[in-house]
Amino acid sequence: TSNNANTTGDILYTVDTTGPTMTNVTINQTYLGGVRNINISASATDINNVTTVLLEILNPDNVLNITNRTMTLQFGQTYSFNYHSNTTNGNFTVLIGGNDTFGNNATRSRTSFVIDIINPTSTITRTNSMAGIIRAINATTITINHNDTNPANWSLLVFYPNLTLRT
């Protein structure tokens with residue numbers, strides 16, 4: 001015959017139907033008092049290669065403010081995106097997703113940040129005192145009304161007449 005050889009062997013292949021996993025989604029500033037540059041980062045892993053990591057930002061009305069922006073691979077599995085915030089007041093939602101070399105999509109991860117550019121308003125009303133003088137024997141009521149669209153981190157400091165802080 002013609003010296004042909006017949007051999008058999010196994011062929012292994014993997015079917016990948018799972019998208020990348022998004023973890024460690026962080027923002028370097030979650031509460032902004034005005035226009036700022038913020039850094040948004042996330043880790044993306046997959047049994048094959050991560051092809052793209054995408055970011056979307058929803059404004060306080062849940063309307064897309066940033067759509068399908070590609071995040072930059074920084075090192076290892078960490079991707080980042082620099083966002084220059086605008087002057088819209090309120091809570092913003094960040095969605096991060098991506099896909100792998102087989103086109104499988106990741107389940108999107110979510111985080112948020114707040115832009116607060118409206119100054120709070122406060123009013124102080126004092127009752128039951130005589131001409132602004134509070135005496136130890138007189139009962140005095142002080143009412144404080146504080147309004148802010150994003151109430152957080154405010155305090156009332158009370159001082160003695162010699163300007164030492166009452167604790």
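The legends below describe close-up views of a predicted model. Local features require pLDDT of at least 70 and side-chain atom pairs pLDDT 80 or more, whereas totals for chains, interfaces and linings use all residues. Residues are numbered from 1 along each chain as its sequence is written, and side-chain values use heavy atoms, with hydrogens and water left out.

**View 1. Strands of the chain.** The chain holds eleven strands and zero helices; strands (E, at least two residues) and helices (H or I, at least four) are DSSP runs, numbered from the N terminus. Of the 167 residues, 29% are buried, that is, under 20% relative accessible area, with exposed being over 50% and partly exposed in between (1.4 Å probe, protein chains only). The accessible surface comes to about 11,800 Å², of which 49% belongs to carbon and sulfur atoms; areas follow the Shrake-Rupley method with a 1.4 Å probe, and for residues only the protein chains shown count as cover.

**View 2. The largest nonpolar core.** A nonpolar core is a set of buried Ala, Val, Leu, Ile, Met, Phe, Trp, Tyr and Cys residues joined through side-chain atoms within 4.5 Å. The largest one has 23 residues, and Ile 40, Leu 55, Ile 57, Tyr 83, Ile 96 and Phe 113 touch the most other members. Two or more residues each come from β1 (21-27), β3 (37-45), β4 (50-58), β7 (78-84), β8 (90-100) and β9 (109-115). Beyond its neighbours within four places in sequence, Phe 113 is in contact (heavy atoms within 4.5 Å) with residues including Ile 27, Leu 32, Ile 57, Tyr 83 and Phe 92.

**View 3. An open sheet of five strands.** The strand order is β2-β9-β8-β4-β5, with mixed pairing; two strands pair if DSSP finds at least two bridges between them. β2 (31-32) and β5 (64-70) are the edge strands, each pairing on one side only. The pairing of β2 with β9 is parallel and spans two bridges, and Leu 32 has Ile 115 in β9 as its bridge partner.

**View 4. Surroundings of Thr 123.** Thr 123 lies in strand β10 (residues 121-127). Its relative accessible area is 43%, and Thr 123 is therefore partly exposed. Leaving out residues up to four places away in sequence, Thr 123 touches Thr 143, Ile 144 and Asn 145. Thr 123 and Asn 147, 24 residues apart in sequence, are 9.0 Å apart from C-alpha to C-alpha.

**View 5. Leu 157 in the segment after β11 (141-147)****.** Leu 157 counts as exposed because its relative accessibility is 53%.
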